[in-house]
There are 4 protein chains.
Amino acid sequence: MSRSREFGIAPGIMPAGPRNAITDVPGVKVGHVTLSSRDINTGVTAIIPQPGDLFGDKLTAAVEVINGFGKSAGLVQVAELGTLETPILLTNTFGVGTCSNALIRWAISQRPDIGRETSTVNPVVCECNDGVLSDIQAMAVTEQDAMRAIEAAGQDVVEGSVGAGTGMIAFGFKGGIGTASRQILLQGSAHVLGALVLANFGKAGDLVLPDGRRPDPRIMAEAEKGSIIVVLATDLPLDHRQLARVCRRAGAGIARLGAFYGNGSGDIVLGFTTCNRVPHHPQADVCQLERMADKRMDDAFRAACEATQEAILNAMCAATAVEGRNGATRPLLSDWLRDGQNTGTSEPF
Amino acid sequence: MSRSREFGIAPGIMPAGPRNAITDVPGVKVGHVTLSSRDINTGVTAIIPQPGDLFGDKLTAAVEVINGFGKSAGLVQVAELGTLETPILLTNTFGVGTCSNALIRWAISQRPDIGRETSTVNPVVCECNDGVLSDIQAMAVTEQDAMRAIEAAGQDVVEGSVGAGTGMIAFGFKGGIGTASRQILLQGSAHVLGALVLANFGKAGDLVLPDGRRPDPRIMAEAEKGSIIVVLATDLPLDHRQLARVCRRAGAGIARLGAFYGNGSGDIVLGFTTCNRVPHHPQADVCQLERMADKRMDDAFRAACEATQEAILNAMCAATAVEGRNGATRPLLSDWLRDGQNTGTSEPF
Amino acid sequence: MSRSREFGIAPGIMPAGPRNAITDVPGVKVGHVTLSSRDINTGVTAIIPQPGDLFGDKLTAAVEVINGFGKSAGLVQVAELGTLETPILLTNTFGVGTCSNALIRWAISQRPDIGRETSTVNPVVCECNDGVLSDIQAMAVTEQDAMRAIEAAGQDVVEGSVGAGTGMIAFGFKGGIGTASRQILLQGSAHVLGALVLANFGKAGDLVLPDGRRPDPRIMAEAEKGSIIVVLATDLPLDHRQLARVCRRAGAGIARLGAFYGNGSGDIVLGFTTCNRVPHHPQADVCQLERMADKRMDDAFRAACEATQEAILNAMCAATAVEGRNGATRPLLSDWLRDGQNTGTSEPF
Amino acid sequence: MSRSREFGIAPGIMPAGPRNAITDVPGVKVGHVTLSSRDINTGVTAIIPQPGDLFGDKLTAAVEVINGFGKSAGLVQVAELGTLETPILLTNTFGVGTCSNALIRWAISQRPDIGRETSTVNPVVCECNDGVLSDIQAMAVTEQDAMRAIEAAGQDVVEGSVGAGTGMIAFGFKGGIGTASRQILLQGSAHVLGALVLANFGKAGDLVLPDGRRPDPRIMAEAEKGSIIVVLATDLPLDHRQLARVCRRAGAGIARLGAFYGNGSGDIVLGFTTCNRVPHHPQADVCQLERMADKRMDDAFRAACEATQEAILNAMCAATAVEGRNGATRPLLSDWLRDGQNTGTSEPF
C-alpha cells in the first residue's frame, strides 16, 4: 500500500496530522470488511465517530450534497437536526438497506430503549456503485458484514481496494478508500480535521495532479458514472451552520483533481465534530457550546479542501489490482507514477 | 370505514375527483399489506405511480422536506434529478431498509439490466414511527410484505388503520392512511391532483376542524413525536421546479388542521406528475415537454393544500380501533364526530 | 386602532407578552414613517433589533423563504453567515434600493470604519407591493424617510395602515402592519417571541378566522398577488439552525388563516435572537454560546405560529380606511367584525 | 489587453467559441462604465441577456450561491420563479441599491405598465467589494452610470480593469472582468456556453495555473475577503433544474485555480439560457419547452467549469495597473507571466 506522499505528491500547504488520516481526530476509528470472490468485489467500511453511547450523546454533524445522484440513507435528518447518532457505514449502492438494518440492530443492542421507550434511530449509510468490478445485483453485503466492519474498527486505516472501496474506480484507474488530515492551531491548542473518501468518480483522462501532470489510464473513456463519498471529522468547535460550510469546501478538493461533479456522480459530503456533543436526554433546557470565530473559518475550509484532495490521491495510490466481473480490471495510478512520469498526455493542460 | 364528507366536513372550495382519491389520477394505484398481531400493528402501503416500465420511463417528481426528522430513502436523488423510477412504499421507520431492498429486487425483476448493463435504481421509501401501537424493534416487515403490497395495488384505496397506517396516531386519535383529490380545468381539459397521506402527527388537543371545532381525545397530551408523509400525484403538466412548489403547499394543508410541524415530526412531501415522462435511454439529445403557465399555479397550490387537508381528515375518520403493544389504544375521531359534537373544548379557539 | 383580542379573537393557547408585540423582546424597537397623499400611500417601517453598535455586535439571525416571489435585500448573507448587522427596514417593492442605501449610510455614520478599514455592511430590507393603493412608479420613499423611521423607533408599535403598511391589502380587506407575542418559560426564566408582519397577502374570500368564520370583503376576487413579510424576534437561546426552523413555522401561522402561499405572493420570514451576539472583531478564536435543547423547540415553534397568526389579524383589525390611487379602497375587517358577524359566507367551510 | 491564451494558457479540452466570450451566445451584449479618479476606481458592467422586451418575454434563469457572503439583489426571486426579467448589473457592494433603482426605471421606461397595470419587476444586481482600491463609502455609482453601461452594451467585451472590475483584486494580483466560452454540439447543431466573471477573490499565493505553476504576487498575504460573481449564458435547451446544476459547476472552475470559497468571499453564480423564454402574459395555460437530455449534461457541466476558469484567467491577464485609494496598487499577472515564469514559488505544490 503506497501513499501519495511517497510519490512526492502532497497537495496544499497545511501540515498533516501524525497519521495523516481521519483517525488523527481523537476517538475516531475505521474498520473494513472486504468481500472478494470471482464476481463479487465489494465490502463495507465503518467510521466510528466516537466510542461509547452515540445515541445517548450525539455528535454535531452536517451534510453537503454536491450532486445528489446517490442513494445514501439518513442525510435528511442530519441536515435538519444537525446530529449523528450511529456509526457511518459506506458500501455499494445496493447494500444501503441491509447496512441500515444492521445499524438499527447495532443501536438497539446498545440502547434497548430505542423505538420502545424513546424515539427511533437514524442510520447513516453512504454508497457508491461498484457495478463494473462487482456483481451488484447479487446484493452480497449482509448485516453480519456490516457488524464485522464496526467491530474491526481501529486507528490504523487500510487504504485502497479494501472495504467499501474494493470495487471502486476513479478517473479510469482503480479507486477505493483513502484518508488524510490537516492540523489547525486555535488559540494555541492543536486541532485536526481529517477526511476519509470512497473514491469512485472522475472520467478517464480528467485527472490533474497538483503539479499539472495528467495521468492517462489509456483505457477507453466512459461517461462519468461514479460517485464520491467524503466523510470529514474534526475536533474543532463548530456549530451546524459552520460544519455545513466546511463540508461544502470538500467540493473544492474534488475539483482541484480535474472533476466537475458529473451528472451521474453522486458526490456527497458528511461532516461531524467531536466537540459540542448533543445529549439525547438533556438534563437542562439550555446547554453551552463552543464555536470557532468565523474569521478563523478559512483554516477549516482549506483543511477540508486539502485533506479531501489528498485522501483521494491516497485512495488511488494505495489501490491494488482487482480482477472483477467479466474479467474487468483497471490500471493502477501507482504504476503510472512509478513508470510513466514522463509520458502523461501530450498536452499538459 | 367512514370519510370526512360523511360528517359534513369538506375542506376547501375546489371540486373533488370522482373517487376523491389519489387514484383519480389516471394510472395511479394503491395497495396495502397489513400486519396485525398482538404486539405488531404495522404494514406496507404501495403507491404505483403508473403501470409499465417505471425505470425505463421515469416520472417527473419533486420533494419538500417540511421537517426533516425522518428516515425516508431516495429523497436526495429525487431532489437532484427530478425523477421517480420505482413505486413509492410507505412503512414504519425500521422497515425502510427492507422495503428498499424489496424495491431494488422488484426493479431488477422488471429490468434485468439494472446495475449490470446500466445504472442502479433509486428506491423511494417513506416512513412514520408506529412504536406506540407496534413493537417496532421486531422489524416485522419483510421483503415479501413489500412485494405483496405492490401486487395488491388497485384503484380503490382502503383508508384508516390499514397498510403502513395500521399503527399510526394523529392528534391523539387513531391515525392512518387517507386520500383525497381535487379537479382542475386547464384550457378546457380536466386534470386532477390527488393526495395520499400517512398521518401520524399532531399533538392531542391541537386538531382544529374547518368549522373551528377542536376535537379533544381526552388523553394525556404527549409531545408531538409523530410524522406525516404526503404523496401528491397529478397529471398536470409541471416541471420539477413547479412540482416542488406544489409540494410545499401540502404544508399549508397540514397547518390548517392545527399542527405546526413539531420538532419530532418528520413531515415529508413527495410529488409526481404523470405528464412529462423522462426516458432512461432517451433517443434524442433534446426532448419536448409541456409546462403549465405559472399564472395558473394557484389552482395547483390550492388543490395540494385542500387535498392534503381532506386526506388527513379521511385518514382519521376512517381509522378503526387498534389494540396495540402493552394494550395501548387511541380514541376514534369518528366516535367524537358522532357523539361528541357539542362538547369540543370549552374554549373554541 | 383596534386589535384582534378586542373582537374576542385570540388564536392559540400560549400567553401573550405584556404588550402583545414584538417589542416585548427587551431592546427591540419599531418606528414608522407614513407617506400619504393622493396617489401615494406608502412608507417605511423600521425594526431596531437592539440598541447600540449592531455592526460591531451582530445578532444571530436566519431566513425562511416560503415563496420567493419577492425582492428583499440582504437575505442571502443572513442565510449564509447567520447574522444581522443593521436595522430591518420594510417598505414597498420599489423602495428597497433606496432603503438599502439609507441603511449603508446609517451604518457608516455609526461605524466610519465600514468599507474602509473593515468589511462592508449588509443592509436588510424587505418589501411588499402596494401598487393597488399607491403609485409605486413614483418611487416616493427617500433615504430621509428611511432615516426618520429608524429615528422614530420606540416600544409602542402602531399597527394597521401605517409605515410600510399604509397601502397594503390582505384577503381583500385593508392590510398593513401588525404585531403580537408569546411567552415561553425556560428553566424558570421568562422568554418571549414576538412577530411583526407586513400583511399584503391572501385572496378575497379565503380568510378563515380561528372560529371557522370566513369574512367576505364582498369585492371581486383577484389573483393573490400580494406578499407577507414576517419578522420574528426573540430572546431565546437559539443557534442559526434552530432559528431557521422557528422561522419556517411562521408559515403555519399564515396557512391557518386560509392562505396557501400563492404563486404571486412573496412570503418571507426573517428571525433574530438577542441572545448569542456575534462580535465583528472577536477577541478570541473560540466563543461560548447558549442553545435551547431541541426537546423544548415545540414551544418556540408554536409561539412563532401563534404570534404570526395573531399579528396578521392585528394588522387587519387595526387597519384604517385609505383612499388610494384612482380612488381605490378596500373594506375594513374591523367593520365586518363589528357589523357582519352573522353573515359570513353561506358555506361555513 | 492580453488574454490567457496569449500566454499559452487554455484550460480544459473543449473548443472555445469564436470570440471566446459570453457574447458568443447569440443576442448577449456587455457594456461598461468605468469611474476612475484619485480615490474612486469602480464602475458598472451590464450584461444584456437578449434584445427586446425582457420583462414581457423573460429568460429561464437559475442561481447557485457557493458562499453567501454577498449583497446581491434579485437572487431570491430568480431561484423561486426561474426567470430573469432585466439586464444583469455588476458593480461595487455599495452600488447595489442605486443600480437596482436604475434597473427599475429602465424597465418602466420600456414597459410603462410595470407596477401599475401589472406586477413589479425584479432587478438583478451582483457585487464585489473594491474597497482596497476605491473609496466605497463615496457611493460613487449613480443611476446614470448604470443606464450608460446598459446603453454601451455590445458584442465586444473589454476585459480587465474596466467597468465593475476597475478596482478588483484576485489572488493578490489586479483582478477585474473576464470572459470565455465553450462550444457544444447537440444533435448536430452548435450551441455555446459563455461565462463572464467579476473576479475579486483568492488569497495571495493560492493561485495555481493549469500547468501547476503558482504565481506569487510577492505582497503580504491578506485574508481572502473578496468575492467572485460568475454570470453564465447559454443557448442550450435547459430547464431551471438543469440550469441550477450547471451554475453549481462554475464552483469547480473557481476551485481549479486554487481557491476554496473563503469565508469572506461572496461567490455567486447566475445563469440564464436564451432558449425556453417565459412570457409575462402567456397566451395559453400550457406551453411547450425543450430540454436537453440529462445524459448530455456533462458537456454543459464541463463547459461551465472550463469557461469560468478561463474567464478568471482572462480577467487577471487583461488587468491593467490601477493606482487606488491611499496609493494602493496590485501587481499584474501578465507581468508575472512575461517576466517571472521561472520563479514561481519554490515549492511547486
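Me: What should I know about numbering and confidence before reading the model, and what is the average pLDDT of chain A?

Reply: Residues are numbered from 1 along each chain as its sequence is written, while chains are lettered from A and ligands numbered from 1 in the order in which they are written. Because the model is predicted, local features need pLDDT of at least 70 and side-chain atom pairs count only at pLDDT 80 or more, whereas totals for chains, interfaces and linings use all residues, and side-chain values use heavy atoms, with hydrogens and water left out. The term pLDDT is the predictor's confidence in each residue, from 0 to 100. Chain A averages a pLDDT of 95, and 96% of the residues score at least 70. Over residues 342-349 of chain A, pLDDT stays under 50, and for this stretch the model has 17 contacts beyond four places in sequence, a contact being heavy atoms within 4.5 Å.

Me: How is the relation between two copies described, and by what turn can chain D be laid on chain B?

Reply: Two copies of a chain are related by a rotation about an axis and a shift along it. The copies are superposed by least squares on the C-alpha atoms of residues with pLDDT of at least 70 in both. Chain D can be laid on chain B by a turn of 180° and a shift of 0.0 Å along the axis, with an RMSD of 0.0 Å. That is the relation of a two-fold axis. Among the residues of chain D, Leu289(D) comes closest to the rotation axis, with its C-alpha at 2.7 Å. Chain D can also be laid on chain A by a turn of 180° and a shift of 0.0 Å along the axis, with an RMSD of 0.0 Å.

Me: How many residues does each chain give to the contact of chain D and chain B, and which residues supply 29% of the area that chain D buries there?

Reply: Buried area is the accessible area (1.4 Å probe) that two parts lose on being put together, summed over both. Chain D and chain B each give 24 residues to their contact, and the area buried between them is about 2500 Å², of which carbon and sulfur atoms give 46%. Asp285(D), Leu289(D) and Arg291(D) supply 29% of the area that chain D buries against chain B, more than any other three residues. Since 100% of the interface residues of chain D are also interface residues in chain B, the copies meet through the same surface.

Me: What is the count of salt bridges between chain D and chain B, and which element gives the largest share of that side of chain D?

Reply: A salt bridge is a side-chain nitrogen of Lys or Arg within 4 Å of a carboxyl oxygen of Asp or Glu. The count between chain D and chain B is four salt bridges, and in one of the model's salt bridges Arg296(B) pairs with Asp285(D), the closest N and O atoms being 2.5 Å apart. Helices (H or I, at least four residues) and strands (E, at least two) are DSSP runs, numbered from the N terminus. Helix 1 (75-81), helix 4 and strand 13 (286-292) of chain D each supply at least two residues of the side that touches chain B, and the largest share, seven residues, comes from strand 13 of chain D.

Me: How does the contact of chain D and chain A read, and how many salt bridges does the rule find across it?

Reply: This contact takes 36 residues from chain D and 36 residues from chain A, and the two chains bury about 3000 Å² between them, 46% of it on carbon and sulfur atoms. Across this interface the rule finds four salt bridges. The side chains of Asp206(A) and Arg302(D) meet in a salt bridge (2.8 Å, N to O). Helix 4 of chain D gives the most to the side of chain D that touches chain A, with six residues.
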